[in-house]
Amino acid sequence: MNIEERGRAIGMLQAGQSLRHVARVFGRNVSTIARLQQKYNRTGSVKDEFRRPRGRVTTPVQDANIVTGHTNDRFRTATSTSRATDGTHGRPISKQTVLRRLRDEGIRPLRPFKGLILTPRHRHARELWARRYQRMTRAGWSNVLFTDESKFNLKHNDGRTRVFRRRGERFDDPCVLQRDHFSGGSVMVWAGVSLHSKTDLVIVRGNLNAARYQQEILLPVAIPHIRANGRGMLLMQDGAPAHTARATLELLQQHNVRLFPLPPKSPDMNIIEHLWDELDRRVRRRPNAPRNINELELA
């Protein structure tokens, strides 16, 4: 509460209003209004009292040890550090103290990137691949057809949704985010894009195995598109089982389709991922959101 609101609250209390009524008017807890009244009766003012700043409970050497410990072990918890560090007051320091010392050095707790387990051979292959293609020209990349599948859910939740509500409104209908654990269904699609062209969007119904990938995507869509845009075009696809099956590779070889080489456990270099993200945003921005699978396919 700001100074003006505190003054109004004290005025209402002095006029005979109850603590509960004043708390309801300002959207605060009864205990908050009670503490405000006690403070006013004690000091005669609604302003914040002067607070003497607390001294640091850690020494410069302890601060350095905290930073060094979390630099050497990036997954070490602030709680374990606090329990192992006795402050100048003779007690273990708090978790918040550890976080403040780390924050002073620009170290913050963030979500770790989840990467693949790479052997030295994998790392060496990645480096060779990067050195080979780091100077590839625009003309060279224009001959690559980037292809991939993507799944679009009928109901979407990015895990970051926030609701603005007052205390006690948690279960009110406007504040409840209804969620279907089965996501209401989804649509799997396949497409390919290059610098100057794009394929048709293919709706994939059911599981995509090697046979269906060949009969429903490669033969009717991908291979004709590559032929129409020049036989020098390379096909980029990930290492999904349907893509790397022997029968699939033999089919591509029979039609003289060359694959864009990728190292084992390759990083995702497919620019079509940005297209999927933009497509999802545009579907979500439609005035009438899809209500069922058929409408999602049309969208």
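## Arginine 285 and the end of helix α12

Arginine 285 lies in the loop between α12 and α13. In this predicted model, arginine 285 has a relative accessible area of 57% and is exposed, because exposed means over 50%. Glutamine 215 is 70 residues away from arginine 285 in sequence, and their C-alpha atoms are 34 Å apart in space.

## Helix α12

Helix α12 covers residues 272-284, which is 13 residues. At 1.5 Å a residue the helix should span 18 Å, and the end C-alpha atoms are 19 Å apart, so the two values agree.

The buried residues in α12 are Ile272, Trp276, Asp280 and Val283. They cover an arc of only 90 degrees around the axis, and therefore they sit on the same side of α12. The face turned away from this buried side carries the exposed residues His274 and Arg282. The cover over the buried residues of α12 includes strands β1 (144-153) and β2 (186-193), together with helix α13 (293-298).

## The sheet

Two of the elements that cover α12, β1 and β2, also belong to an open sheet of five strands. The strand order is β3-β2-β1-β4-β5, with mixed pairing. β3 (202-204) and β5 (258-259) stand at the edges; each has a single partner strand, so one side of each is left without a neighbour in the sheet.

How do β1 and β2 run relative to each other, parallel or antiparallel? They run antiparallel and are joined by eight bridges. Asparagine 153 has serine 186 in β2 as its bridge partner. β1 also pairs with strand β4 (residues 234-236), here in the parallel sense and over three bridges. Valine 144 stands opposite leucine 234 in β4. Most of β1 is covered, with eight of its 10 residues buried.

Tryptophan 190 stands opposite valine 202 in β3.

Asparagine 256 is found in the loop between α11 (246-254) and β5. Its phi is positive, about 55 degrees, although asparagine 256 is not a glycine. Asparagine 256 counts as exposed because its relative accessibility is 56%, where exposed means over 50%.

Lysine 265 lies in the loop between β5 and α12. Lysine 265 is likewise a residue other than glycine with a positive phi, near 50 degrees. Its relative accessible area is 39%, so lysine 265 is partly exposed.

## The cavity

How many cavities of 30 Å³ or more are there? The count comes to one. The largest cavity holds about 50 Å³ of space.

Which residues line the largest cavity? The lining consists of Ile223, Ile226, Arg227, Arg231, Met233, His255, Asn256 and Val257.

## Helix α3

Helix α3 (residues 30-43) has 14 residues. From its first C-alpha to its last, α3 reaches 20 Å, close to the 20 Å expected at 1.5 Å a residue. Glycine 44 follows α3 and has a positive phi, near 75 degrees.

Ile33, Ala34, Leu36 and Lys39 are the buried residues of α3. Helices α1 (3-14) and α2 (19-26) are among the elements that cover them.

## Valine 22 in helix α2

Valine 22 lies in helix α2, which is part of the cover over α3. Is valine 22 buried or exposed? Valine 22 counts as buried because its relative accessibility is 0%, and buried means under 20%.

Leaving aside neighbours within four places in sequence, the contacts of valine 22 are Ala9, Met12, Leu13, Gln17 and Ile33. Of these, Ile33 is one of the buried residues of α3. Leucine 99 is 77 residues from valine 22 in sequence, and the two are 38 Å apart in space, C-alpha to C-alpha.

Key: Residues numbered from 1 in each chain as written. Predicted model: local features only at pLDDT ≥ 70, side-chain atom pairs only at ≥ 80, totals over all residues. Heavy atoms only, no water. Helix = DSSP H or I, 4+ residues; strand = E, 2+ residues; numbered from the N terminus. Expected span 1.5 Å × (residues − 1). Buried < 20%, exposed > 50% of the residue type's maximum accessible area, 1.4 Å probe, protein only. Arc of directions from axis to C-beta. Contact = heavy atoms within 4.5 Å. Pairing = 2+ DSSP bridges. 1 Å grid on protein atoms, 1.4 Å probe; cavity = no way out; pocket = protein on both sides within 12 Å on 5 of 7 lines; lining within 4 Å. Points joined across faces, edges and corners; volume = space filled by probe spheres on them.
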